[in-house]
Amino acid sequence: MTARQLGMSADTATAFHMQMWIHVHGIASMIVTHYLDWDEQHIVDALSVEFHALSASIANQQGSGGVQ
């Protein structure tokens, strides 16, 4: 589903998922250990920025013959 929605191969979608999961897990770990004190909107904003940056990076790599 992610591959189709983002127009990427299954392998690229898997890599995308893992990168997003690493980011989400890092934020969650820092919140649960009280390293960060972020409200819900701050978390949503941070994850949105990461999603769009990672999407753009993958699209750029695909456009230059990179990730498929």
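Author: Residues are numbered from 1 along each chain as its sequence is written, and side-chain values use heavy atoms, with hydrogens and water left out. In this predicted model, local features need pLDDT of at least 70 and side-chain atom pairs count only at pLDDT 80 or more, while totals for chains, interfaces and linings use all residues.

Reader: What makes up the secondary structure of the protein chain, in helices and strands?

Author: The protein chain has 3 helices and 0 strands, in the order α-α-α from the N terminus. Helices (H or I, at least four residues) and strands (E, at least two) are DSSP runs, numbered from the N terminus.

Reader: Why is Asp37 called exposed?

Author: Exposed means over 50% relative accessible area, buried under 20%, and partly exposed in between (1.4 Å probe, protein chains only). Asp37 has 77% relative accessibility, so Asp37 counts as exposed. Its place is the loop between helix H2 (10–32) and helix H3 (40–63). Of the 68 residues of the protein chain, 19% count as buried.

Reader: Which residues form the negative surface patch?

Author: Asp37, Asp39, Glu40 and Asp45 form it. Patch residues have over 30% relative accessible area and no salt bridge; like charges are joined within 9 Å, and nonpolar side chains (Val, Leu, Ile, Met, Phe, Trp, Tyr) within 5 Å. A salt bridge is a side-chain nitrogen of Lys or Arg within 4 Å of a carboxyl oxygen of Asp or Glu. Asp and Glu count as negative, with the charge placed at CG of Asp or CD of Glu.

Reader: What makes the nonpolar surface patch, and why is Ile22 called partly exposed?

Author: Met18, Trp21 and Ile22 make this patch of about 310 Å². Ile22, in helix H2, has a relative accessible area of 48%; this value lies between the two limits, and therefore Ile22 is partly exposed. Accessible areas come from the Shrake-Rupley method with a 1.4 Å probe, and for residues only the protein chains shown count as cover. The protein chain exposes about 4900 Å², of which carbon and sulfur atoms supply 60%.

Reader: Which residues are in contact with Glu50, leaving aside neighbours within four places in sequence?

Author: Contact means heavy atoms within 4.5 Å, and Glu50 is in contact with Met20 and His23. Glu50 is found in helix H3. The C-alpha atoms of Glu50 and His23 are separated by 7.9 Å, although the residues are 27 apart along the chain. At 21% relative accessibility, Glu50 is not under the buried limit and therefore counts as partly exposed.
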